[in-house]
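Hi,

Here is the structure I promised to pass on. Have a look at it first, and then read my notes below.

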Amino acid sequence: SADFLDELDELGYGDLPLADYVRMRDHGVTPEYVEALREQGYRNLTSNELVKLRDHGVTASYVRRAKELFRSTPTVEQLIRLRSSGDLR
């Protein structure tokens, strides 16, 4: 919808190919999800990174717990590996 595109545009995702928007939407990447990750320090994620994080069930609260575990801000790949391992629930 226009709202979805407008909100993503405001978050800096205004120049993506249409296929990227469709993929993000299909995978449950919402503007709220993008904003929640931004609040955790993930400001310049690609659409692909956002989809991968969402597909692996990485939420903002999960990121908060991971940051405590790492005592820093983990990379996208570290978050996905940690989530896949099941070491942090």
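**What I found**

Of the chain's 89 residues, 34% count as buried. Keep in mind that this is a predicted model.

Along the principal axes, the C-alpha atoms fill a box of roughly 40 × 20 × 15 Å. If you take the contacts between residues at least 6 apart in sequence, 52% join residues at least 24 apart.

The accessible surface comes to about 5,400 Å², and carbon and sulfur atoms account for 46% of that. There are 13 positive and 16 negative side chains, with the centres of the two sets 11 Å apart.

Now the inside. The largest nonpolar core has 24 residues, and the ones that touch the most other members are Leu37, Leu45, Leu50 and Leu53. Two or more residues come from each of helix H1 (2-10), helix H2 (18-26), helix H3 (31-39), H4, helix H5 (60-70) and helix H6 (76-85). H6 gives the largest share, four residues. As background, nonpolar side chains tend to be buried together in soluble globular proteins.

What does leucine 37 touch, leaving aside its neighbours within four places in sequence? Its contacts are Tyr42, Leu45, Leu50, Leu53 and Val63.

Serine 47 lies in helix H4, which covers residues 47-55. Is serine 47 buried or exposed? Its relative accessibility is 11%, and the cut-off for buried is under 20%, so serine 47 counts as buried. Beyond its neighbours within four places in sequence, serine 47 is in contact with Tyr13, Leu16, Asp20 and Met24.

The other is glutamine 40, which you will find in the loop between H3 and H4. Glutamine 40 is buried too, because its relative accessible area is 11%. With neighbours within four places in sequence again left aside, glutamine 40 is in contact with Ala60, Val63, Arg64, Lys67 and Thr73.

Over to you!

Note on methods:
Residues numbered from 1 in each chain as written. Predicted model: local features only at pLDDT ≥ 70, side-chain atom pairs only at ≥ 80, totals over all residues. Heavy atoms only, no water. Buried < 20%, exposed > 50% of the residue type's maximum accessible area, 1.4 Å probe, protein only. Contact = heavy atoms within 4.5 Å. Areas by Shrake-Rupley, 256 points an atom, 1.4 Å probe, with all protein chains shown as cover. Lys, Arg positive; Asp, Glu negative; His and termini not counted. Charge placed at Lys NZ, Arg CZ, Asp CG, Glu CD. Core = buried A, V, L, I, M, F, W, Y, C linked by side-chain atoms within 4.5 Å.
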